[in-house]
Amino acid sequence: YCHELKAGVSSARNAGASLAQDVDYIYFLDDDLSFDAEWHRELERTLTSDENVDLTGGRVIADYPKDVYVPEKYRYLVGEKNLGDESRKITKDYVGGCNLLVRRETFLNLGGFDVNFGHKGAALGLNEDVVFQEMIRKNHGSVYYNPGLVFYHHWKGTEEDLLRRVCLQGLYDRQTDLTTNKLRFV
């Protein structure tokens with residue numbers, strides 16, 4: 001364990017990555033995930049393949065209170081990420097940030113996660129994963145989706161929490177566009 005004094009999920013992930021020595025990959029997993037029974041076999045296959053991938057994310061199934069109505073287009077805000085049944089390179093969309101398998105060399109060369117994004121203490125923050133995936137692409141790296149890496153994201157929020165996330169997502173999307181793609185922002 002490492003105690004990181006700088007608040008924020010991005011700072012914590014960066015600190016942990018800097019301590020990972022003699023490894024080829026770093027796996028960032030959120031603490032509110034559980035794993036599909038077969039995920040470790042797919043992970044082993046992924047790590048032993050000859051594919052040269054900078055970042056891989058898996059399928060995420062959202063587990064949220066059934067009394068909370070979450071429209072399909074907003075399910076990503078409660079952790080859902082399903083980009084289909086085929087493994088493939090992702091060029092425009094993003095894999096879910098709650099499970100990211102990243103080549104250590106890529107992570108360190110790009111300087112890790114932008115500390116201006118992501119949760120900080122009790123303050124909800126977003127898009128550290130999106131900004132990082134954009135950085136990989138801008139540096140001619142590869143982002144892949146592997147539907148065999150299945151996770152369950154356990155979200156315990158309310159409809160009010162979801163509405164706050166919808167509003168916050170808009171603010172963070174604006175900040176993301178200003179940071180990564182000013183043309184898209186315009």
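These exercises work through the fold, packing and surface of a predicted model.

**Exercise 1. Work out the order of helices and strands along the protein chain.**

Solution. Start with the count: the protein chain has six helices and six strands. Then read along the sequence. The pattern is α-β-β-α-β-β-β-α-α-β-α-α.

**Exercise 2. Decide whether the radius of gyration agrees with a compact globule or departs from it.**

Solution. Take the chain length, 186 residues. A compact globule of that length would have a radius of gyration near 16 Å. The protein chain has 16 Å, so the two agree. For the outline, the C-alpha atoms fill a box of roughly 45 × 40 × 35 Å along the principal axes. Now check the contacts. Among those between residues at least 6 apart in sequence, 79% join residues at least 24 apart.

**Exercise 3. Find the residues that touch the most other members of the largest nonpolar core, and the elements behind that core.**

Solution. Buried residues make up 45% of the chain. The largest nonpolar core holds 16 residues. Those touching the most other members are Phe 28, Leu 55, Val 95, Leu 100, Val 102, Phe 107 and Phe 132. Next, the elements. Strands E1 (25-29), E5 (99-103) and E6 (143-154) each give two or more residues, as does helix H4 (128-138). Finally, follow Phe 107. Beyond four places in sequence, Phe 107 contacts Arg 13, Asn 14, Ala 17, Phe 28, Val 102, Gly 112, Phe 113 and Phe 132.

Terms used. Residues are numbered from 1 along each chain as its sequence is written. This is a predicted model: local features need pLDDT of at least 70, side-chain atom pairs count only at pLDDT 80 or more; totals for chains, interfaces and linings use all residues. Side-chain values use heavy atoms; hydrogens and water are left out. A nonpolar core is a set of buried Ala, Val, Leu, Ile, Met, Phe, Trp, Tyr and Cys residues joined through side-chain atoms within 4.5 Å. Buried means under 20% relative accessible area, exposed over 50%, partly exposed in between (1.4 Å probe, protein chains only). Helices (H or I, at least four residues) and strands (E, at least two) are DSSP runs, numbered from the N terminus. Contact means heavy atoms within 4.5 Å. The radius of gyration is taken over C-alpha atoms; the globule rule is 2.2 Å times the number of residues to the power 0.38.
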